[in-house]
Amino acid sequence: MANNNDNKGNNKQGSMTVEEAGRKGGEATSANHDREFYEDIGQKGGEATSANHDREFYEEIGQKGGEARAANASNSSNNDSNNRSTNRSNSNNSSNNNDDNRGGNRSTNNNNNRSNNNNNR
């Protein structure tokens, strides 16, 4: 069996990876086409999908989409609650410090908030 590692990011002999080629191709397409182009290809893709699939297909993907939305909404509300708690904690910590350390502590608290926000993505 062939080793496909070269296509997944290992860049041997200065060659471009599949990921890099896709990114560059997408950027070139974006630079050369306007919104109408993307609307047209989206319309064509939707029509092709509709011609190739029945009502059951759409019911199934709609069900999956609804389940995913519900799960994301639940996770989002949990994350919001965690962020509010963390932000209150960080705020309390910074207010307990003396004036000489406030600048450094604000930076630390901002970094903590960024870290918490990044974990929620």
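Mentor: Start with a definition: buried means under 20% relative accessible area, exposed means over 50%, and partly exposed is in between, with a 1.4 Å probe and protein chains only.
Trainee: Okay. Where does this model come from, and how do I count along it?
Mentor: This is a predicted model: local features need pLDDT of at least 70, side-chain atom pairs count only at pLDDT 80 or more, and totals for chains, interfaces and linings use all residues. Residues are numbered from 1 along each chain as its sequence is written, and side-chain values use heavy atoms, with hydrogens and water left out.
Trainee: Where is Glu59?
Mentor: Glu59 lies in helix H3, residues 55-95. Helices are DSSP runs of H or I with at least four residues, strands are runs of E with at least two, and both are numbered from the N terminus.
Trainee: Which side chain does Glu59 contact?
Mentor: Arg55, through a polar contact of 2.8 Å between the two side chains. A polar contact is a pair of N or O atoms within 3.5 Å; within protein, one must be able to donate a hydrogen and the other to accept it, and residues adjacent in sequence count only if both atoms are side-chain atoms.
Trainee: Zooming out, how many helices and strands are there?
Mentor: The chain has four helices and zero strands. From the N terminus, the order is α-α-α-α.
Trainee: How much of the chain counts as buried?
Mentor: Of its 121 residues, 3%. The chain exposes about 10000 Å², and carbon and sulfur atoms supply 42% of that. Those areas come from the Shrake-Rupley method with a 1.4 Å probe; for residues, only the protein chains shown count as cover.
Trainee: New topic. How many salt bridges are there?
Mentor: The structure holds four. A salt bridge here is a side-chain nitrogen of Lys or Arg within 4 Å of a carboxyl oxygen of Asp or Glu.
Trainee: What about helix H2?
Mentor: Glu39 and Arg35 meet in a salt bridge there, at 2.9 Å from N to O. These two are four residues apart in helix H2 (residues 35-52), so again about one helical turn lies between them. Arg35 is exposed at 67%, while Glu39 is partly exposed at 45%.
Trainee: And Glu60, what does it pair with?
Mentor: Lys64, with the closest N and O atoms 3.5 Å apart. Glu60 itself is partly exposed, at 43%.
Trainee: Last thing. How many aromatic pairs turn up?
Mentor: A search of the whole structure finds two. In Phe37 and Tyr38, the ring centres are 5.1 Å apart and the planes sit at 80°, so that pair is edge-to-face. Phe57 and Tyr58 also form an edge-to-face pair, with 5.1 Å between centres and 80° between planes.
Trainee: What are the cut-offs?
Mentor: Rings of Phe, Tyr and Trp (its six-membered ring) pair if their centres lie within 6.5 Å; planes under 30 degrees apart count as stacked, over 60 as edge-to-face, and the rest as tilted.
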